[in-house]
Amino acid sequence: MNFQGLWTVSFSAAEEAHKGITVREDIERGGVFVLLDGRVYGGGVSYYFTGTYTGKGPALEMQVTAARYNEVVTGIFGDQPRILLAFSGSVAGEKIVLHGHVQGSPDKRMDVMAVRRSIIEG
C-alpha cells in the first residue's frame, strides 16, 4: 500500500485521568503531515513534527517527535518543548485513523484523523 503523500490532519486529546476521574477532552486541532519514504514531516499551530513510519497492508505505525515552535498557542498537551509520540492505526482509501500516546505516558492519548490531499509517487 502506498502511504506517501500530503495529508491534512485533525487531532484531539483522548481520555485522560484527573485525580482518579476519567475525563474526555475533545480539543480539535489541525495540521498537515507528509509521508515520504518512511519519514514523517509536518506541523500544526504549536508544534512541528518529524519522525518515521512503517506500514504493512493497511496497518500503519508512526513514531513522531513534536517540537514546540509557537509559544503563544498552548499545545494539546500543554507547553512541553518536545514530545515523543507513538501511533498505530490503519489506512482506508484516502483516510487514516491513528490512535497514539505520549511515549512513557500511556494515559496521555491522542486520536488522529487524516485525509490524503496529494499522492507523492516514489
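## Reading a cavity, ring pairs and salt bridges

Modeller: Let's start with the rings: this predicted model has 2 aromatic pairs.

Biologist: Happy to! How do I read an aromatic pair?

Modeller: A pair of aromatic rings is described by the distance of the centres and the angle of the planes. Take Phe-3 and Tyr-53 here: their centres are 6.2 Å apart and their planes are at 70 degrees, an edge-to-face pair.

Biologist: Where do Phe-3 and Tyr-53 lie along the chain?

Modeller: Phe-3 is in the segment before strand 1 and Tyr-53 is in strand 6, so the pair ties together parts 50 residues apart in sequence. Phe-3 counts as buried, at 7% relative accessibility, and Tyr-53 is buried with a relative accessible area of 9%.

Biologist: And what are the distance and angle for Phe-11 and Phe-49?

Modeller: Phe-11 and Phe-49 are also edge-to-face, with 6.4 Å centre to centre and 80 degrees between the planes. Phe-11 belongs to strand 1 and Phe-49 to strand 6, so this pair ties together parts that are 38 residues apart in sequence. Both Phe-11 and Phe-49 are buried.

Biologist: Now for empty space. How is it found?

Modeller: Rolling a probe the size of a water molecule over the atoms shows where empty space is left.

Biologist: Which residues lie nearest the centre of the largest cavity?

Modeller: Phe-11 and Phe-49 again, together with Ala-66, Leu-85 and Met-110, out of 22 lining residues. Elements giving two or more residues to the lining include strand 1 (5–13), strand 6 (47–56) and strand 10 (105–119). By residue type, the lining has 18 nonpolar, 3 polar and 1 charged.

Biologist: What about charged side chains?

Modeller: Side chains of opposite charge can pair when their charged atoms come close. This structure holds 2 salt bridges. One of them joins Arg-68 to Glu-71, with the closest N and O atoms 3.4 Å apart.

Biologist: Are Arg-68 and Glu-71 buried or exposed?

Modeller: Arg-68 counts as buried at 12% relative accessibility, whereas Glu-71 is exposed at 61%.

Biologist: How far apart are the closest N and O atoms of Arg-116 and Glu-94?

Modeller: They are 2.8 Å apart in that salt bridge. Arg-116 sits in strand 10 and Glu-94 in the loop between strand 8 and strand 9 (95–102), so the bridge links distant parts of the chain, 22 residues apart. Arg-116 counts as buried at 11% relative accessibility, while Glu-94 counts as partly exposed at 37%.

Notes. Residues are numbered from 1 along each chain as its sequence is written. Side-chain values use heavy atoms; hydrogens and water are left out. On a 1 Å grid over the protein atoms alone, a cavity is a set of points where a 1.4 Å probe fits but cannot get out, and a pocket is an open set with protein on both sides within 12 Å along at least five of seven lines; lining residues have an atom within 4 Å of a point. Helices (H or I, at least four residues) and strands (E, at least two) are DSSP runs, numbered from the N terminus. Ala, Val, Leu, Ile, Met, Phe, Trp, Tyr, Cys and Pro count as nonpolar, Asp, Glu, Lys and Arg as charged, and the others, Gly among them, as polar. Rings of Phe, Tyr and Trp (its six-membered ring) pair if their centres lie within 6.5 Å; planes under 30 degrees apart count as stacked, over 60 as edge-to-face and the rest as tilted. Buried means under 20% relative accessible area, exposed over 50%, partly exposed in between (1.4 Å probe, protein chains only). A salt bridge is a side-chain nitrogen of Lys or Arg within 4 Å of a carboxyl oxygen of Asp or Glu.
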